Amino acid sequence: MAVGALRLKWFMAAASFTLFIAGYLSILYGHLPGVGPYGTSIHAVLFAFRGLPLLFALCKSEDGEEPSAFAWIDGAQLALVCFLFVTLLYPGFTMNLQGIRPPLQDFAAMHYLDVENFLLLALATARFYAARSIDDKVYCRALCWFLWPMNLIWFFLTHVAVFKWDVPAGSVWFVLADLPVICFAAMTVFHFRFRIEQESSTHVEASALIRIGSSVFLPVSVLLLCLAIASAGHFALIPVICSMLAIFLFAIRSSYLQFRYQKSQSRLIDARNVMEMISHTDPLTGVHNRRWFDLALLREWKRAQRGKQPLTLLLIDIDHFKAFNDTLGHLQGDDCLTAVAQKLMSNLQRDGDSIVRYGGEEFVVILPQTDIRGALTVAENMRQAIARMAYPHPGAPSGIVTVSVGAATQSDYSMEDTSEELLIAADTALYRAKNGGRNRVECEELSNGDEAPPLSEAIPVS
């Protein structure tokens, strides 16, 4: 019922059990009449090979999103493991040609299989701990239910029953080997519903490390087998060549994986920048939005306070905008907002200056390192630029769109001053400009926390 990468893993489990059963059959039929001399030792190869499909499955990613090149590299490393197993166990064939020793009595081969079983058990347990999806947890849990009792029973049969008690092949003791298979079948066929914990947030880093590091088990297996062959003194050139091939293949895999991660990281950074720009941009007018303004104002305030530089805010409101919407409709109102925003932005002369849609028909302009005289000049230029647009406004006394501007400048700073006070001062100046007849500029200057009287009178439309 599985699909994709999970389906391949279940097929690998089926292949492992096929080799597992074939190994026990070779023990049984090795003592029946008419069987050739190799029947007493072929079980060692089959038992060794039955762990390789599981090793391949546990080294694969759980989502199956690895590139096809990784499958070829892992397959090549698995082929090296198979070749080294045959090379390592080959001397055992000649030792059993006479059939003098009972089955499973090749002590060195049993130790190699013990190491293999332990590595598979450790890898399956780690992958069960690190699995993110429920399906992969079910798969790794079933393998753990097989590998844990199998390791205990295998150790008992090989090291106690056979070596110490001299139990012959086909003994009733070997029925114990069926128990792990029954446990695995029960976990997969009958679908017992045990509680499976989702990945905890406290274990995310450890789980990710296990998932990424699982692929190292294949080259490590190659290196361990090469070490075993070299220590046995057989085929001196083989472990050198195979270990170099394993390191080379793993280096290619790691380099390509690093390349993919860097490429993905670059795409994530680009996507983050785009999302950040979208989240900080007003979708209608294309200028900055209120969220960006809250961060920018605090940043510019701290910078101006550290450098003892003046900071100016212009709060701009479109005059009689409610009447504009009531007369021409909200769609025309959106066009008017866009036109005003673009005209205001075109009047910003410096890179550090910025304009924000503060809300509705209000805009804010941040002018770093601008004193009260410069604030008045910029504000007046913007007011006149909007008036020169001559944008029709049937609901306004002048018949065109105009703006009122409240400017506030902080030139001296104290420990009690805050950026909110500057914004309040600009709002106060704007309120005074609107009450004074609109289409005008009013200024406030904050010095040592005290409000100064306005520095400009109403300026008529030119």
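Arg253 sits over the face of Phe70, 4.4 Å from the ring centre; a charge counts as over a ring if NZ of Lys or CZ of Arg is within 6 Å of the ring centre and within 35 degrees of the ring normal. Lys137 lies over the face of Phe128 in this way, at 5.0 Å from the ring centre. The model is predicted, so local features need pLDDT of at least 70 and side-chain atom pairs count only at pLDDT 80 or more, while totals for chains, interfaces and linings use all residues. Residues are numbered from 1 along each chain as its sequence is written, and side-chain values use heavy atoms, with hydrogens and water left out.

Rings also pair with each other. Rings of Phe, Tyr and Trp (its six-membered ring) pair if their centres lie within 6.5 Å, with planes under 30 degrees apart called stacked, over 60 edge-to-face and the rest tilted. The count by this rule is 15 aromatic pairs. One of them is the edge-to-face pair of Phe17 and Phe146, at 4.8 Å centre to centre and 65 degrees between the planes. Phe17 lies in helix H1 (residues 4-29) and Phe146 in helix H6 (residues 134-162), so this pair ties together parts 129 residues apart in sequence. Helices (H or I, at least four residues) and strands (E, at least two) are DSSP runs, numbered from the N terminus. Phe17 has a relative accessible area of 12% and is buried, as is Phe146 at 1%; buried means under 20% relative accessible area, exposed over 50%, and partly exposed in between (1.4 Å probe, protein chains only). Ring pairs link Phe17 and Phe146 with Trp10, Phe20, Tyr139 and Phe184 into a cluster.

Helix H1 also holds Ser16, which is buried, with 2% relative accessible area. Leaving aside neighbours within four places in sequence, Ser16 is in contact (heavy atoms within 4.5 Å) with Arg50, Pro53 and Leu54. Pro53 and Leu54 are among the buried residues of H3. In helix H3 (residues 51-59), 9 of the 9 residues are buried, so the helix is largely enclosed by the rest of the structure.

Charged pairs come next. Side chains of opposite charge can pair when their charged atoms come close. A salt bridge is a side-chain nitrogen of Lys or Arg within 4 Å of a carboxyl oxygen of Asp or Glu, and the count by this rule is 12 salt bridges. Among them, Arg357 and Asp282 meet at 3.4 Å, N to O. This pair links distant parts of the chain, with Arg357 in strand S2 (residues 354-359) and Asp282 in the loop between H10 and H11, 75 residues apart. Arg357 is buried at 17% relative accessible area, and Asp282 is buried at 11%.

Lys434 forms a salt bridge with Asp317, their closest N and O atoms being 3.6 Å apart. Lys434 lies in helix H15 (residues 419-435) and Asp317 in strand S1, so parts 117 residues apart in sequence are tied together. Lys434 is partly exposed at 27%, whereas Asp317 is buried at 3%. Arg440 and Glu442 form a further salt bridge, with closest N and O atoms 3.0 Å apart, and both residues are buried. Arg432, Arg440, Glu442 and Glu444 are linked in a network of salt bridges.

Two loop residues have positive phi. Lys308, in the loop between helix H11 (290-307) and strand S1 (311-318), has phi near 55 degrees though not a glycine, and is exposed at 55% relative accessibility. His320, in the loop between S1 and helix H12 (321-328), has a positive phi of about 55 degrees and is partly exposed at 29%.
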